[in-house]
Amino acid sequence: MSEAMASLPATTAGVKRRDGAAGDRIFYWIVLGCGLFVLVALFAAAFSMVWDGFLAFRTFGFGFLTGMEWDPVAQRFSGLVPIYGTLVTSALAMIIGVPVSLGIAVFITEVAPRSIRGPIGGAIELLAGIPSIIYGMWGLFTFAPFMSDYVQPVLIDWLGPIPIIGALFTGAPLGIGMLTSGIVLAIMIIPFVSSVMRDVFLVVPAQLKESAYALGSTKWEVVRDIVIPHTRTAVVGGIFLGLGRALGETMAVTFVLGNTHNIAVSLMEPGTSIAATLANEFAEASDDLYRSSLSALGLILFVVTFIVLAAAKLMLVRMARQRGE
Amino acid sequence: MATHSGSIYRRRQIGSMIALSLCGIATVVGLVFLAWILWTTLIHGLSALSPSLVTEMTPPPGEDGGGLANAFMGSLLMVVLAVIIATPIGVLAGTFLSEFSRGKKIGEAIRFVNDILLSAPSIIIGLFVYELVVRPTSRFSGFAGGIALAFIFLPVVVRTTDEMLRLVPDVMREAALSLGIPRWKVTVNILYRAASAGILTGILLAIARISGETAPLLFTALNNQYWSLDMSQPMANIPVVIFQFAMSPYEQWQNLAWAGAFVMTAIVLLLSVGSRAILNRRNAK
(Lines give C-alpha, C1' and ligand atoms only; values in the text may rest on other atoms or scores of the structure.)
Protein backbone atom coordinates (compact mmCIF):
# COMPACT_ATOMS: atom_id res chain seq x y z
CA MET A 1 0.00 0.00 0.00
CA SER A 2 2.78 2.42 0.87
CA GLU A 3 4.43 1.30 -2.34
CA ALA A 4 1.36 2.26 -4.32
CA MET A 5 1.32 5.68 -2.76
CA ALA A 6 4.98 6.22 -3.37
CA SER A 7 4.65 5.18 -6.99
CA LEU A 8 1.77 7.60 -7.52
CA PRO A 9 2.97 10.04 -10.19
CA ALA A 10 3.50 13.57 -8.90
CA THR A 11 1.53 14.99 -11.80
CA THR A 12 -1.60 13.10 -10.84
CA ALA A 13 -1.47 14.57 -7.35
CA GLY A 14 -1.05 18.03 -8.90
CA VAL A 15 -4.01 17.56 -11.19
CA LYS A 16 -6.08 16.37 -8.26
CA ARG A 17 -5.24 19.42 -6.24
CA ARG A 18 -6.14 21.68 -9.12
CA ASP A 19 -9.43 19.82 -9.55
CA GLY A 20 -10.10 20.40 -5.90
CA ALA A 21 -9.39 24.10 -6.29
CA ALA A 22 -11.78 24.36 -9.23
CA GLY A 23 -14.39 22.39 -7.31
CA ASP A 24 -13.93 24.70 -4.36
CA ARG A 25 -14.40 27.76 -6.55
CA ILE A 26 -17.55 26.39 -8.14
CA PHE A 27 -18.93 25.33 -4.75
CA TYR A 28 -18.17 28.76 -3.34
CA TRP A 29 -20.05 30.48 -6.13
CA ILE A 30 -23.04 28.16 -5.69
CA VAL A 31 -23.36 28.75 -1.95
CA LEU A 32 -22.73 32.47 -2.38
CA GLY A 33 -25.45 32.56 -5.00
CA CYS A 34 -27.92 30.87 -2.65
CA GLY A 35 -26.96 33.23 0.16
CA LEU A 36 -27.49 36.24 -2.08
CA PHE A 37 -30.83 34.78 -3.15
CA VAL A 38 -32.09 35.24 0.41
CA LEU A 39 -30.91 38.85 0.36
CA VAL A 40 -32.50 39.51 -3.03
CA ALA A 41 -35.80 37.88 -2.00
CA LEU A 42 -36.45 40.52 0.64
CA PHE A 43 -35.63 43.42 -1.65
CA ALA A 44 -37.68 41.91 -4.46
CA ALA A 45 -40.65 41.58 -2.13
CA ALA A 46 -40.30 45.21 -1.05
CA PHE A 47 -39.83 46.39 -4.62
CA SER A 48 -42.86 44.48 -5.93
CA MET A 49 -45.08 46.12 -3.34
CA VAL A 50 -43.75 49.60 -4.03
CA TRP A 51 -44.24 48.95 -7.73
CA ASP A 52 -47.79 47.75 -7.33
CA GLY A 53 -48.83 50.26 -4.67
CA PHE A 54 -47.46 53.20 -6.65
CA LEU A 55 -50.73 53.83 -8.47
CA ALA A 56 -52.64 54.21 -5.21
CA PHE A 57 -50.11 56.60 -3.71
CA ARG A 58 -50.04 58.66 -6.91
CA THR A 59 -53.83 58.82 -7.10
CA PHE A 60 -54.60 59.60 -3.47
CA GLY A 61 -51.33 61.12 -2.29
CA PHE A 62 -50.79 61.63 1.41
CA GLY A 63 -54.53 61.41 1.95
CA PHE A 64 -54.22 57.64 1.58
CA LEU A 65 -52.82 57.55 5.10
CA THR A 66 -55.32 59.90 6.70
CA GLY A 67 -58.62 59.28 4.90
CA MET A 68 -61.36 57.02 6.20
CA GLU A 69 -63.02 56.19 2.90
CA TRP A 70 -62.99 52.68 1.43
CA ASP A 71 -65.44 52.46 -1.41
CA PRO A 72 -64.65 49.99 -4.20
CA VAL A 73 -67.73 51.09 -6.18
CA ALA A 74 -66.79 54.76 -6.20
CA GLN A 75 -63.09 53.90 -6.64
CA ARG A 76 -62.07 55.82 -3.56
CA PHE A 77 -59.64 54.19 -1.16
CA SER A 78 -57.73 55.26 1.92
CA GLY A 79 -56.03 53.39 4.67
CA LEU A 80 -56.73 54.94 8.04
CA VAL A 81 -59.40 52.44 9.14
CA PRO A 82 -57.32 49.27 8.63
CA ILE A 83 -54.19 51.00 9.95
CA TYR A 84 -56.13 52.00 13.07
CA GLY A 85 -57.43 48.46 13.52
CA THR A 86 -53.94 46.99 13.14
CA LEU A 87 -52.49 49.39 15.71
CA VAL A 88 -55.29 49.00 18.27
CA THR A 89 -55.41 45.19 18.15
CA SER A 90 -51.60 45.00 18.36
CA ALA A 91 -51.53 47.45 21.26
CA LEU A 92 -54.15 45.39 23.13
CA ALA A 93 -52.16 42.24 22.41
CA MET A 94 -49.05 43.82 23.92
CA ILE A 95 -50.87 45.20 26.97
CA ILE A 96 -52.29 41.76 27.74
CA GLY A 97 -49.57 39.52 26.38
CA VAL A 98 -46.38 41.13 27.70
CA PRO A 99 -47.17 40.94 31.45
CA VAL A 100 -48.39 37.36 31.08
CA SER A 101 -45.25 36.41 29.11
CA LEU A 102 -43.09 38.06 31.76
CA GLY A 103 -44.92 36.13 34.48
CA ILE A 104 -44.45 32.83 32.63
CA ALA A 105 -40.75 33.51 32.07
CA VAL A 106 -40.21 34.42 35.74
CA PHE A 107 -42.20 31.39 36.87
CA ILE A 108 -40.21 28.99 34.70
CA THR A 109 -36.78 30.40 35.54
CA GLU A 110 -37.17 31.38 39.20
CA VAL A 111 -40.15 29.71 40.82
CA ALA A 112 -40.92 26.34 39.28
CA PRO A 113 -39.07 23.25 40.54
CA ARG A 114 -36.39 22.17 38.09
CA SER A 115 -38.24 19.02 37.10
CA ILE A 116 -41.35 20.78 35.74
CA ARG A 117 -39.54 23.67 33.98
CA GLY A 118 -38.99 21.76 30.77
CA PRO A 119 -42.54 20.38 30.40
CA ILE A 120 -44.16 23.77 31.15
CA GLY A 121 -41.83 25.58 28.77
CA GLY A 122 -42.54 22.96 26.12
CA ALA A 123 -46.29 23.22 26.62
CA ILE A 124 -46.23 27.00 26.27
CA GLU A 125 -44.14 26.68 23.12
CA LEU A 126 -46.74 24.29 21.78
CA LEU A 127 -49.00 27.35 21.54
CA ALA A 128 -46.60 28.71 18.91
CA GLY A 129 -46.93 25.56 16.84
CA ILE A 130 -50.71 25.70 16.48
CA PRO A 131 -51.59 27.06 13.01
CA SER A 132 -53.03 30.55 13.20
CA ILE A 133 -56.21 29.55 11.38
CA ILE A 134 -56.98 27.26 14.36
CA TYR A 135 -56.75 30.28 16.65
CA GLY A 136 -59.19 31.95 14.28
CA MET A 137 -61.73 29.12 14.37
CA TRP A 138 -61.43 28.71 18.12
CA GLY A 139 -61.75 32.48 18.48
CA LEU A 140 -64.86 32.69 16.32
CA PHE A 141 -66.75 29.59 17.48
CA THR A 142 -65.68 29.22 21.11
CA PHE A 143 -63.99 32.29 22.49
CA ALA A 144 -66.19 35.03 20.94
CA PRO A 145 -69.42 33.49 22.34
CA PHE A 146 -67.68 33.15 25.72
CA MET A 147 -66.72 36.83 25.56
CA SER A 148 -70.20 37.98 24.62
CA ASP A 149 -71.93 35.80 27.24
CA TYR A 150 -69.66 36.21 30.24
CA VAL A 151 -66.91 38.80 29.85
CA GLN A 152 -68.24 41.70 27.84
CA PRO A 153 -71.53 42.21 29.78
CA VAL A 154 -69.49 42.44 32.99
CA LEU A 155 -67.04 44.91 31.44
CA ILE A 156 -69.90 47.02 30.08
CA ASP A 157 -71.68 47.07 33.44
CA TRP A 158 -68.63 47.72 35.59
CA LEU A 159 -66.30 49.82 33.45
CA GLY A 160 -68.84 51.43 31.11
CA PRO A 161 -70.12 54.03 33.62
CA ILE A 162 -66.61 55.27 34.51
CA PRO A 163 -65.92 58.63 32.82
CA ILE A 164 -63.41 58.75 29.94
CA ILE A 165 -62.22 55.12 29.96
CA GLY A 166 -65.86 54.00 30.12
CA ALA A 167 -66.20 54.96 26.46
CA LEU A 168 -63.91 52.04 25.62
CA PHE A 169 -66.45 49.64 27.09
CA THR A 170 -69.75 50.69 25.62
CA GLY A 171 -72.04 49.11 23.06
CA ALA A 172 -73.46 45.67 22.56
CA PRO A 173 -71.58 42.52 23.63
CA LEU A 174 -71.12 41.11 20.12
CA GLY A 175 -68.26 38.81 21.02
CA ILE A 176 -66.21 39.63 17.94
CA GLY A 177 -64.33 42.91 17.76
CA MET A 178 -61.18 44.73 18.80
CA LEU A 179 -60.98 43.37 22.36
CA THR A 180 -61.47 39.74 21.38
CA SER A 181 -58.89 40.09 18.58
CA GLY A 182 -56.45 41.67 21.01
CA ILE A 183 -56.83 38.77 23.44
CA VAL A 184 -56.45 36.12 20.73
CA LEU A 185 -53.35 37.93 19.41
CA ALA A 186 -52.00 38.12 22.96
CA ILE A 187 -52.30 34.33 23.32
CA MET A 188 -50.51 33.91 19.99
CA ILE A 189 -47.51 36.09 20.91
CA ILE A 190 -47.07 34.73 24.46
CA PRO A 191 -44.91 31.75 23.42
CA PHE A 192 -42.52 33.93 21.40
CA VAL A 193 -42.12 36.68 23.97
CA SER A 194 -41.90 34.37 26.97
CA SER A 195 -39.36 32.05 25.36
CA VAL A 196 -37.03 34.98 24.55
CA MET A 197 -37.43 36.26 28.11
CA ARG A 198 -36.84 32.81 29.58
CA ASP A 199 -33.70 32.28 27.52
CA VAL A 200 -32.14 35.58 28.59
CA PHE A 201 -33.20 35.24 32.24
CA LEU A 202 -31.34 31.94 32.34
CA VAL A 203 -28.01 33.56 31.47
CA VAL A 204 -28.03 36.16 34.25
CA PRO A 205 -24.81 35.39 36.19
CA ALA A 206 -25.59 33.43 39.35
CA GLN A 207 -23.16 35.57 41.40
CA LEU A 208 -25.27 38.67 40.71
CA LYS A 209 -28.40 37.01 42.05
CA GLU A 210 -26.59 35.36 44.94
CA SER A 211 -25.08 38.63 46.12
CA ALA A 212 -28.52 40.21 46.11
CA TYR A 213 -29.91 37.29 48.10
CA ALA A 214 -26.98 37.64 50.50
CA LEU A 215 -28.04 41.24 51.11
CA GLY A 216 -31.45 39.96 52.15
CA SER A 217 -33.45 40.56 48.96
CA THR A 218 -36.63 38.62 48.47
CA LYS A 219 -37.03 36.52 45.34
CA TRP A 220 -39.24 39.10 43.63
CA GLU A 221 -36.79 41.90 44.46
CA VAL A 222 -34.02 39.90 42.79
CA VAL A 223 -36.19 39.51 39.68
CA ARG A 224 -37.22 43.17 39.64
CA ASP A 225 -33.90 44.78 40.55
CA ILE A 226 -31.31 42.35 39.18
CA VAL A 227 -32.68 39.98 36.54
CA ILE A 228 -34.89 42.36 34.55
CA PRO A 229 -32.49 45.36 34.53
CA HIS A 230 -29.63 43.07 33.56
CA THR A 231 -31.52 41.69 30.56
CA ARG A 232 -33.43 44.85 29.66
CA THR A 233 -32.27 45.11 26.04
CA ALA A 234 -33.12 41.53 25.18
CA VAL A 235 -36.46 41.71 27.00
CA VAL A 236 -37.42 44.72 24.91
CA GLY A 237 -36.15 42.86 21.85
CA GLY A 238 -38.44 39.95 22.68
CA ILE A 239 -41.38 42.31 23.13
CA PHE A 240 -40.69 43.85 19.72
CA LEU A 241 -40.54 40.38 18.20
CA GLY A 242 -44.01 39.76 19.59
CA LEU A 243 -45.21 43.12 18.32
CA GLY A 244 -43.94 42.26 14.83
CA ARG A 245 -45.95 39.05 14.92
CA ALA A 246 -49.08 40.78 16.22
CA LEU A 247 -48.96 43.47 13.53
CA GLY A 248 -48.79 41.00 10.66
CA GLU A 249 -51.00 38.21 11.98
CA THR A 250 -53.71 37.55 9.44
CA MET A 251 -55.94 34.54 9.82
CA ALA A 252 -56.84 34.75 13.51
CA VAL A 253 -57.71 38.44 13.19
CA THR A 254 -59.69 37.86 10.01
CA PHE A 255 -61.94 35.47 11.90
CA VAL A 256 -62.62 37.49 15.03
CA LEU A 257 -62.29 41.18 14.12
CA GLY A 258 -65.54 41.40 12.19
CA ASN A 259 -64.20 42.86 8.93
CA THR A 260 -66.27 45.99 8.96
CA HIS A 261 -64.82 49.21 7.70
CA ASN A 262 -65.38 51.07 10.89
CA ILE A 263 -63.52 53.16 13.47
CA ALA A 264 -65.07 53.31 16.93
CA VAL A 265 -63.86 54.34 20.34
CA SER A 266 -65.36 51.28 21.97
CA LEU A 267 -63.22 48.16 22.05
CA MET A 268 -66.37 46.04 21.73
CA GLU A 269 -66.95 47.23 18.18
CA PRO A 270 -65.86 45.24 15.14
CA GLY A 271 -63.28 46.72 12.81
CA THR A 272 -60.69 45.60 10.30
CA SER A 273 -56.92 45.42 10.04
CA ILE A 274 -54.50 45.68 7.14
CA ALA A 275 -53.84 41.95 7.04
CA ALA A 276 -57.54 41.07 7.38
CA THR A 277 -58.48 43.51 4.60
CA LEU A 278 -55.89 41.94 2.30
CA ALA A 279 -57.02 38.40 3.13
CA ASN A 280 -60.66 39.22 2.50
CA GLU A 281 -60.50 41.43 -0.55
CA PHE A 282 -57.33 40.79 -2.54
CA ALA A 283 -58.49 37.79 -4.57
CA GLU A 284 -61.66 39.63 -5.52
CA ALA A 285 -60.11 43.01 -6.31
CA SER A 286 -60.64 43.17 -10.04
CA ASP A 287 -59.50 46.60 -11.14
CA ASP A 288 -56.05 48.15 -10.96
CA LEU A 289 -56.73 50.98 -8.53
CA TYR A 290 -58.43 48.65 -6.02
CA ARG A 291 -55.58 46.15 -6.20
CA SER A 292 -52.98 48.89 -6.03
CA SER A 293 -54.62 50.32 -2.90
CA LEU A 294 -54.47 46.90 -1.25
CA SER A 295 -50.81 46.54 -2.23
CA ALA A 296 -50.15 50.00 -0.79
CA LEU A 297 -51.67 48.80 2.50
CA GLY A 298 -49.43 45.74 2.28
CA LEU A 299 -46.42 48.01 1.77
CA ILE A 300 -47.30 50.03 4.88
CA LEU A 301 -47.60 46.81 6.89
CA PHE A 302 -44.32 45.55 5.45
CA VAL A 303 -42.43 48.76 6.30
CA VAL A 304 -43.80 48.89 9.85
CA THR A 305 -43.10 45.23 10.63
CA PHE A 306 -39.67 45.52 9.03
CA ILE A 307 -38.76 48.40 11.35
CA VAL A 308 -40.13 46.59 14.40
CA LEU A 309 -38.43 43.28 13.58
CA ALA A 310 -35.14 44.99 12.70
CA ALA A 311 -35.20 46.79 16.06
CA ALA A 312 -35.95 43.49 17.81
CA LYS A 313 -33.11 41.76 16.03
CA LEU A 314 -30.62 44.56 16.80
CA MET A 315 -31.50 44.47 20.49
CA LEU A 316 -31.22 40.69 20.69
CA VAL A 317 -27.89 40.77 18.83
CA ARG A 318 -26.54 43.40 21.19
CA MET A 319 -27.52 41.27 24.16
CA ALA A 320 -25.91 38.18 22.62
CA ARG A 321 -22.72 40.15 22.02
CA GLN A 322 -22.67 41.35 25.63
CA ARG A 323 -23.02 37.76 26.71
CA GLY A 324 -20.28 36.61 24.38
CA GLU A 325 -17.74 39.21 25.47
CA MET B 1 -37.38 48.95 66.61
CA ALA B 2 -36.96 45.26 66.04
CA THR B 3 -40.68 44.80 65.52
CA HIS B 4 -40.70 47.71 63.04
CA SER B 5 -37.97 46.26 60.84
CA GLY B 6 -39.64 42.89 61.27
CA SER B 7 -42.86 44.27 59.82
CA ILE B 8 -41.00 45.77 56.87
CA TYR B 9 -39.38 42.43 56.26
CA ARG B 10 -42.72 40.69 56.46
CA ARG B 11 -44.23 43.20 54.07
CA ARG B 12 -41.45 42.60 51.55
CA GLN B 13 -41.89 38.86 51.92
CA ILE B 14 -45.62 39.17 51.33
CA GLY B 15 -45.03 41.43 48.35
CA SER B 16 -42.65 38.90 46.88
CA MET B 17 -45.12 36.12 47.50
CA ILE B 18 -47.91 38.02 45.74
CA ALA B 19 -45.73 38.87 42.73
CA LEU B 20 -44.53 35.29 42.35
CA SER B 21 -48.07 33.98 42.74
CA LEU B 22 -49.11 36.29 39.91
CA CYS B 23 -46.33 34.74 37.82
CA GLY B 24 -47.74 31.32 38.63
CA ILE B 25 -51.22 32.48 37.66
CA ALA B 26 -49.86 33.81 34.35
CA THR B 27 -48.42 30.37 33.62
CA VAL B 28 -51.69 28.68 34.50
CA VAL B 29 -53.54 31.13 32.22
CA GLY B 30 -51.20 30.24 29.35
CA LEU B 31 -51.67 26.53 29.91
CA VAL B 32 -55.45 26.88 30.26
CA PHE B 33 -55.70 28.59 26.87
CA LEU B 34 -53.50 25.92 25.30
CA ALA B 35 -55.70 23.18 26.73
CA TRP B 36 -58.87 25.07 25.74
CA ILE B 37 -57.80 25.51 22.11
CA LEU B 38 -56.66 21.88 21.75
CA TRP B 39 -59.81 20.62 23.47
CA THR B 40 -62.08 22.63 21.16
CA THR B 41 -60.26 21.34 18.08
CA LEU B 42 -60.34 17.77 19.39
CA ILE B 43 -64.05 17.74 20.30
CA HIS B 44 -65.32 19.41 17.13
CA GLY B 45 -62.84 17.56 14.94
CA LEU B 46 -63.40 14.06 16.27
CA SER B 47 -67.17 14.32 15.97
CA ALA B 48 -66.80 15.36 12.33
CA LEU B 49 -64.25 12.73 11.33
CA SER B 50 -65.45 10.10 8.89
CA PRO B 51 -63.95 7.91 6.17
CA SER B 52 -65.49 10.13 3.48
CA LEU B 53 -63.10 12.87 4.61
CA VAL B 54 -60.33 11.38 2.52
CA THR B 55 -62.37 9.68 -0.19
CA GLU B 56 -64.77 12.41 -1.34
CA MET B 57 -64.35 15.86 -2.87
CA THR B 58 -65.35 19.12 -1.24
CA PRO B 59 -69.15 19.40 -1.50
CA PRO B 60 -71.08 22.25 -3.11
CA PRO B 61 -72.80 24.67 -0.70
CA GLY B 62 -75.63 23.32 1.39
CA GLU B 63 -75.19 19.71 0.31
CA ASP B 64 -74.68 16.84 2.75
CA GLY B 65 -71.72 14.51 2.65
CA GLY B 66 -68.49 15.22 0.91
CA GLY B 67 -64.93 15.24 2.15
CA LEU B 68 -61.64 17.01 1.70
CA ALA B 69 -59.75 14.55 -0.50
CA ASN B 70 -58.88 17.11 -3.17
CA ALA B 71 -57.76 19.61 -0.55
CA PHE B 72 -55.48 17.10 1.19
CA MET B 73 -53.95 16.21 -2.17
CA GLY B 74 -53.49 19.85 -3.12
CA SER B 75 -51.84 20.68 0.19
CA LEU B 76 -49.54 17.69 -0.15
CA LEU B 77 -48.50 18.66 -3.69
CA MET B 78 -47.80 22.27 -2.75
CA VAL B 79 -45.84 21.37 0.38
CA VAL B 80 -43.77 18.87 -1.62
CA LEU B 81 -43.10 21.50 -4.29
CA ALA B 82 -42.02 24.00 -1.64
CA VAL B 83 -39.69 21.45 -0.04
CA ILE B 84 -38.16 20.53 -3.40
CA ILE B 85 -37.55 24.17 -4.32
CA ALA B 86 -36.41 25.57 -1.01
CA THR B 87 -34.43 22.75 0.62
CA PRO B 88 -31.36 22.91 -1.66
CA ILE B 89 -31.32 26.71 -1.73
CA GLY B 90 -31.79 26.92 2.02
CA VAL B 91 -29.14 24.32 2.89
CA LEU B 92 -26.60 25.91 0.52
CA ALA B 93 -27.34 29.43 1.78
CA GLY B 94 -26.95 28.17 5.35
CA THR B 95 -23.65 26.57 4.30
CA PHE B 96 -22.47 29.90 2.95
CA LEU B 97 -23.33 31.61 6.22
CA SER B 98 -21.57 29.11 8.44
CA GLU B 99 -18.62 28.06 6.26
CA PHE B 100 -17.75 30.92 3.93
CA SER B 101 -18.87 34.17 5.51
CA ARG B 102 -16.96 34.24 8.79
CA GLY B 103 -16.10 37.79 9.68
CA LYS B 104 -17.58 39.14 6.45
CA LYS B 105 -20.18 41.91 6.31
CA ILE B 106 -22.18 40.11 3.64
CA GLY B 107 -22.77 37.19 6.01
CA GLU B 108 -24.08 39.53 8.69
CA ALA B 109 -26.38 41.18 6.15
CA ILE B 110 -27.78 37.87 4.90
CA ARG B 111 -28.30 36.57 8.42
CA PHE B 112 -30.12 39.80 9.33
CA VAL B 113 -32.37 39.68 6.27
CA ASN B 114 -33.04 35.98 6.83
CA ASP B 115 -34.19 36.64 10.39
CA ILE B 116 -36.50 39.38 9.13
CA LEU B 117 -37.95 36.99 6.52
CA LEU B 118 -38.38 34.40 9.26
CA SER B 119 -40.83 36.59 11.16
CA ALA B 120 -42.23 38.68 8.31
CA PRO B 121 -46.03 38.50 7.94
CA SER B 122 -46.82 35.59 5.65
CA ILE B 123 -49.54 37.54 3.86
CA ILE B 124 -46.79 39.83 2.56
CA ILE B 125 -45.15 36.76 0.98
CA GLY B 126 -48.52 36.04 -0.62
CA LEU B 127 -48.64 39.54 -2.14
CA PHE B 128 -45.08 39.15 -3.40
CA VAL B 129 -45.69 35.80 -5.07
CA TYR B 130 -48.90 37.14 -6.55
CA GLU B 131 -46.80 39.79 -8.30
CA LEU B 132 -44.07 37.29 -9.14
CA VAL B 133 -46.12 34.38 -10.50
CA VAL B 134 -49.87 34.96 -10.62
CA ARG B 135 -49.78 38.28 -12.50
CA PRO B 136 -47.33 37.21 -15.24
CA THR B 137 -49.18 33.92 -15.84
CA SER B 138 -52.53 35.64 -15.22
CA ARG B 139 -53.96 32.73 -13.27
CA PHE B 140 -53.98 31.41 -9.73
CA SER B 141 -52.13 28.11 -9.63
CA GLY B 142 -50.72 25.31 -7.53
CA PHE B 143 -47.26 26.40 -8.67
CA ALA B 144 -47.80 29.88 -7.23
CA GLY B 145 -48.98 28.35 -3.95
CA GLY B 146 -45.95 26.07 -3.76
CA ILE B 147 -43.59 28.98 -4.49
CA ALA B 148 -45.24 31.10 -1.80
CA LEU B 149 -44.78 28.27 0.71
CA ALA B 150 -41.17 27.89 -0.47
CA PHE B 151 -40.45 31.50 0.51
CA ILE B 152 -41.75 30.77 4.03
CA PHE B 153 -39.90 27.46 4.16
CA LEU B 154 -36.57 28.94 3.04
CA PRO B 155 -35.55 31.12 6.02
CA VAL B 156 -36.24 28.33 8.54
CA VAL B 157 -33.94 25.95 6.65
CA VAL B 158 -31.25 28.63 6.20
CA ARG B 159 -31.24 29.35 9.88
CA THR B 160 -31.15 25.76 11.14
CA THR B 161 -28.48 24.74 8.62
CA ASP B 162 -26.35 27.71 9.67
CA GLU B 163 -26.75 26.89 13.36
CA MET B 164 -26.24 23.15 13.00
CA LEU B 165 -23.09 23.52 10.86
CA ARG B 166 -21.65 25.98 13.36
CA LEU B 167 -22.11 23.35 16.07
CA VAL B 168 -19.73 21.03 14.20
CA PRO B 169 -16.34 21.42 15.91
CA ASP B 170 -13.60 23.14 13.92
CA VAL B 171 -11.25 20.26 14.70
CA MET B 172 -13.25 18.17 12.26
CA ARG B 173 -12.78 20.68 9.44
CA GLU B 174 -9.09 21.03 10.16
CA ALA B 175 -8.52 17.30 10.30
CA ALA B 176 -10.26 16.79 6.97
CA LEU B 177 -8.59 19.73 5.25
CA SER B 178 -5.18 18.65 6.50
CA LEU B 179 -5.60 15.42 4.53
CA GLY B 180 -5.76 17.55 1.42
CA ILE B 181 -9.43 16.98 0.75
CA PRO B 182 -10.98 19.86 -1.21
CA ARG B 183 -13.17 22.13 0.86
CA TRP B 184 -16.38 21.32 -0.98
CA LYS B 185 -15.84 17.61 -0.37
CA VAL B 186 -15.20 18.31 3.30
CA THR B 187 -18.46 20.22 3.46
CA VAL B 188 -20.55 17.70 1.55
CA ASN B 189 -19.09 14.44 2.88
CA ILE B 190 -18.12 15.35 6.42
CA LEU B 191 -19.89 18.46 7.69
CA TYR B 192 -23.27 17.64 6.19
CA ARG B 193 -23.05 14.14 7.59
CA ALA B 194 -22.16 15.43 11.04
CA ALA B 195 -25.01 17.97 11.00
CA SER B 196 -27.54 15.87 9.09
CA ALA B 197 -29.87 15.11 11.99
CA GLY B 198 -30.05 18.78 12.95
CA ILE B 199 -30.66 19.92 9.39
CA LEU B 200 -33.34 17.27 8.95
CA THR B 201 -35.03 18.47 12.13
CA GLY B 202 -35.01 22.00 10.73
CA ILE B 203 -36.64 20.78 7.54
CA LEU B 204 -39.33 18.92 9.50
CA LEU B 205 -40.00 22.02 11.63
CA ALA B 206 -40.28 24.08 8.46
CA ILE B 207 -42.70 21.56 6.94
CA ALA B 208 -44.81 21.81 10.10
CA ARG B 209 -44.84 25.56 9.73
CA ILE B 210 -45.86 25.72 6.07
CA SER B 211 -48.50 22.98 6.44
CA GLY B 212 -50.68 25.34 8.46
CA GLU B 213 -50.04 28.51 6.47
CA THR B 214 -53.20 30.01 5.07
CA ALA B 215 -52.65 33.66 4.26
CA PRO B 216 -50.11 33.26 1.42
CA LEU B 217 -52.30 30.66 -0.31
CA LEU B 218 -55.41 32.85 -0.37
CA PHE B 219 -54.28 34.65 -3.49
CA THR B 220 -51.76 32.29 -5.00
CA ALA B 221 -53.31 28.81 -5.11
CA LEU B 222 -56.84 30.02 -4.36
CA ASN B 223 -59.13 26.99 -4.33
CA ASN B 224 -60.69 24.35 -6.51
CA GLN B 225 -63.79 22.33 -5.88
CA TYR B 226 -62.69 19.38 -7.97
CA TRP B 227 -59.96 16.77 -7.96
CA SER B 228 -56.99 18.29 -9.71
CA LEU B 229 -53.35 17.28 -10.02
CA ASP B 230 -52.60 20.02 -12.56
CA MET B 231 -50.39 22.47 -10.74
CA SER B 232 -50.82 25.16 -13.36
CA GLN B 233 -54.47 25.47 -12.32
CA PRO B 234 -56.04 26.83 -9.12
CA MET B 235 -55.71 24.16 -6.49
CA ALA B 236 -57.65 23.19 -3.40
CA ASN B 237 -55.70 23.09 -0.15
CA ILE B 238 -56.60 22.38 3.45
CA PRO B 239 -56.01 25.81 5.04
CA VAL B 240 -57.96 27.82 2.46
CA VAL B 241 -60.81 25.28 2.44
CA ILE B 242 -60.97 25.45 6.24
CA PHE B 243 -61.08 29.24 6.03
CA GLN B 244 -63.89 29.31 3.46
CA PHE B 245 -65.89 26.53 5.08
CA ALA B 246 -65.57 27.87 8.61
CA MET B 247 -66.70 31.33 7.52
CA SER B 248 -69.68 29.90 5.62
CA PRO B 249 -73.19 29.68 7.05
CA TYR B 250 -73.60 25.96 6.13
CA GLU B 251 -73.36 23.50 8.96
CA GLN B 252 -71.97 20.67 6.84
CA TRP B 253 -69.19 22.97 5.61
CA GLN B 254 -68.38 24.04 9.14
CA ASN B 255 -68.20 20.40 10.25
CA LEU B 256 -65.81 19.61 7.43
CA ALA B 257 -63.74 22.65 8.42
CA TRP B 258 -63.43 21.29 11.96
CA ALA B 259 -62.46 17.85 10.71
CA GLY B 260 -59.81 19.42 8.47
CA ALA B 261 -58.62 21.64 11.31
CA PHE B 262 -58.27 18.64 13.60
CA VAL B 263 -56.25 16.63 11.09
CA MET B 264 -54.07 19.62 10.20
CA THR B 265 -53.36 20.53 13.84
CA ALA B 266 -52.55 16.92 14.67
CA ILE B 267 -50.08 16.66 11.79
CA VAL B 268 -48.47 20.03 12.51
CA LEU B 269 -48.08 19.42 16.24
CA LEU B 270 -46.79 15.85 15.75
CA LEU B 271 -44.21 17.13 13.28
CA SER B 272 -43.02 19.99 15.47
CA VAL B 273 -43.08 18.09 18.77
CA GLY B 274 -41.41 15.05 17.21
CA SER B 275 -38.63 16.99 15.54
CA ARG B 276 -38.02 19.09 18.64
CA ALA B 277 -37.75 15.95 20.73
CA ILE B 278 -35.13 14.51 18.38
CA LEU B 279 -33.19 17.77 18.48
CA ASN B 280 -33.34 18.02 22.28
CA ARG B 281 -32.19 14.45 22.74
CA ARG B 282 -29.22 15.11 20.47
CA ASN B 283 -28.34 18.33 22.28
CA ALA B 284 -28.59 16.64 25.65
CA LYS B 285 -26.07 13.98 24.66
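## Residues 164–190 of chain A

In this predicted model, residues 164–190 of chain A are 48% helix and 0% strand, with the end C-alpha atoms 30 Å apart; helices (H or I, at least four residues) and strands (E, at least two) are DSSP runs numbered from the N terminus. An unreviewed UniProt entry lists this stretch as a "transmembrane region", together with residues 26–51, 83–108, 120–144, 234–258 and 296–316 of chain A. UniProt annotations may be inferred rather than shown by experiment. Residues 234–258 of chain A are 84% helix and 0% strand, and their end C-alpha atoms lie 35 Å apart.

A:Ile162 lies in the loop between helix 6 (132–159) and helix 7 (178–201) of chain A. Because its relative accessibility is 36%, A:Ile162 counts as partly exposed (buried is under 20%, exposed over 50%, partly exposed in between, with a 1.4 Å probe and protein chains only).

The chain A range is 76% helix and 0% strand, with end C-alpha atoms 21 Å apart. For the chain B range, the values are 80% helix, 0% strand and 22 Å.

## A bent helix in chain B

Helix 8 (residues 183–211) of chain B bends by about 60° at B:Ser196, the bend being the angle between axes fitted to the seven residues ending there and the seven starting there.

## Conventions

Residues are numbered from 1 along each chain as its sequence is written, and chains are lettered from A in the order in which they are written. Local features need pLDDT of at least 70 in this predicted model, and side-chain values use heavy atoms, leaving out hydrogens and water.

Notes: The expected span of a helix is 1.5 Å times one less than its number of residues.
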